[in-house]
Amino acid sequence: MSARRAAAAVIVVVLLSLVSSCAWHPSIAPIEPPARASFDAKLIAKGAELAAIGDCNSCHTAPGGRTYAGGRALETPFGTIYGTNITPDPYTGIGNWPPAAFVRAMREGVDREGHHLYPAFPYNHFTRMSDDDLAALYAYLMTREPVRVETPANKLAFPFNIRALIAGWKLLYLERAAFASNTQQSNEWNRGAYLVEGLAHCGACHTPRNRLGAEKKDERFAGGEIEGWHAPALNASAPAPVPWTAERIYTYLRTGSEEAHGATAGPMAPVVHNLSGVSESEVRAIATYIASLTAQASAERQKRGQELVARAQSGGPLAIPQAASDPGAQIYRGACGVCHDTPRDQTTSGAALNLTLSSAVAAPSPRNLVNFILDGIVPDEGTRGRWMPGFAGALTDGQIVALVNYLRQYAAGAQPWKDVGEVVKQARRGMPESYAQR
Amino acid sequence: MINLNVNGRAYPVDADPDTPLLYVLRDHLQLNAAKFGCGLGQCGACTVMVDGQAVFSCITPISVLANRQVKTVEALGTAESPGPVQRAFIEEQAAQCGYCIPGMMMRAQALLEKNALPTAAQIRAHMSTNLCRCGTHMRILRAVARAAGYMKTGSGGNGR
């Protein structure tokens, strides 16, 4: 979109916001924080599971901070938005929010006092949640330990710092609609659809967004960008060399690693960490629905996938003779092969994915592969997960470009990516501070 | 033949380009500070510095090191005149068996050359890739903080 069209779009939003000034929302009267005993223990437990499926703690917990106490910076194309404090502290959290205020925030993106909330909070998905699930989530959050900590002010560029404009955004993009089940499909599929499209808000990362930050309706699950990562497509254009199945998706979501696809990393790692503690039936439902988004792979693709898995299990090294003189092949042999060429079970130490199976190498964007090479895979402190050393210090930009191009050609057999050097520079600039120092 | 620059000295090395830097340091150059631990970049015993950054020498082939500066513990000081990081590690008695300590010191050195006043959280995050089987991590963290003080004041040995 050109700058002029973007400006025109902003003007449209401004006008719509003016028109919709009648869409003013009243403040809802505060309450005394409800006593823990006022909530049923079963309801709280159900809410805990829902909060895990919703990955609430990812955005509402600062690095090293108290859970749900907010303060995590979410980098968006419009500036930095901080996850808010959703503990029941009455001064800095949601302790004085009655249920109606909570439901309004989740479904309409309006806080208790009537301010519009930025759609970084994915109420465009939560709007589909049932009354019962919202009541359970409320019960869970209102029985957490209250933490008194102010959320830092957002740092957004003009005009996005004007909250009233969100009213116009909502007119354009927020569809307030309850989930409608599909009677042609199984109960499990419908449960998965309800979770994926609603609470789990998978599309928030896996669907590309338009210039105004709304998910593109005609490109559902076609792959998006989030915080310096490429969120792979979940629809028919999913990049995985071995077609996903419901069973493989279940294993991936449940354990963070799947033998024909590799390990979770980046913003997906906490999602999987949360799902590892959720009921099996819920994760299976999510997997069933996600699998249905990918059209049934052709017989040819399935056969190719089986061949790739068989070859990876037999453990032949990736470096093939024709590529021996490729400068990237030399780096691969010296730096990567010791783990990635091993036929051992991936769950053992030092055994890593055969990169012919890697979605990162087959994806339309090199960003994830570059992230892996630079930073490795580092689980958050105190969480289990696959680990890979980073090579930010060992390899120069030029060497990383050579390695990436080699893998793209020989592991994925795909057309070279453009501007890999620029992506490496961007990734180095965008590194978390703790990694950049290594 | 590959030319390596280690601790400010040029070394012509006759080895396969795929050879890990660690093997060349120990077997060709007799620089034995860096240790072999896992050989997979998972433990950090082999950590040295390349162009100012801490790297795992066991998974860094010498083919990527042309025109780059390698630094090992041998450059930090001597037994008679230990550098700030070495002195801090001695004073905190950070070593038990000592096998991980050269890697720990090089990772600490890389941090302190970039950030002379790291916070406790920054030290923890930075050192997290290096493991100590004896469990002296708390002393190691204290030693890094102490070394930061020495580097700031310029005390604590020659600190080459």
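Me: Into which domains is chain A divided?
Reply: This is a predicted model, in which local features need pLDDT of at least 70 and side-chain atom pairs count only at pLDDT 80 or more, while totals for chains, interfaces and linings use all residues. Residues are numbered from 1 along each chain as its sequence is written, and chains are lettered from A and ligands numbered from 1 in the order in which they are written. The domain bounds come from an automatic or database domain assignment, and for chain A they give domain 1 (19–173), domain 2 (187–293) and domain 3 (315–436).

Me: How many Å separate the centres of domain 1 and domain 3 of chain A?
Reply: The C-alpha trace of chain A spans about 70 × 50 × 45 Å along its principal axes. Taken over C-alpha atoms, the centres of domain 1 and domain 3 of chain A are separated by 38 Å.

Me: What radius of gyration does chain A have?
Reply: The radius of gyration is taken over C-alpha atoms, and the globule rule is 2.2 Å times the number of residues to the power 0.38. A compact globule with 438 residues would have a value near 22 Å, and chain A agrees with this, having 23 Å.

Me: Which residue in β2(A) stands opposite Glu75(A)?
Reply: Strand β1 (residues 73–76) and strand β2 (residues 79–82) of chain A run antiparallel and are joined by 4 bridges, with a hairpin of 2 residues leading from β1(A) to β2(A). Within this pair, Ala73(A) stands opposite Tyr82(A), whereas the residue opposite Glu75(A) is Thr80(A).

Me: What pattern does chain B follow along the sequence?
Reply: Chain B has 5 helices and 5 strands. Read along the sequence, these elements follow the pattern β-β-α-β-β-β-α-α-α-α.

Me: Why is chain B called as compact as a globular protein of its length?
Reply: The C-alpha atoms of chain B fill a box of roughly 40 × 30 × 25 Å, taken along the principal axes. For 160 residues the globule rule gives 15 Å, so chain B is as compact as a globular protein of that length, since its radius of gyration is close to this at 15 Å.

Me: What percentage of the residues in chain B are buried?
Reply: A residue is buried if 20 or more other C-beta atoms, placed from the backbone, lie within 10 Å of its own, exposed if 12 or fewer do, and partly exposed in between. Buried residues make up 45% of the 438 residues in chain A, and in chain B, with its 160 residues, the share is 49%.

Me: Which helix of chain A gives the most residues to the side that touches chain B?
Reply: Two residues are in contact if their C-beta atoms, placed from the backbone, lie within 7 Å, and 20 residues of chain A are in contact with 23 residues of chain B. The greatest contribution to the side of chain A that touches chain B, 7 residues, comes from helix α14 (residues 327–340).

Note on methods:
Pairing = 2+ DSSP bridges.
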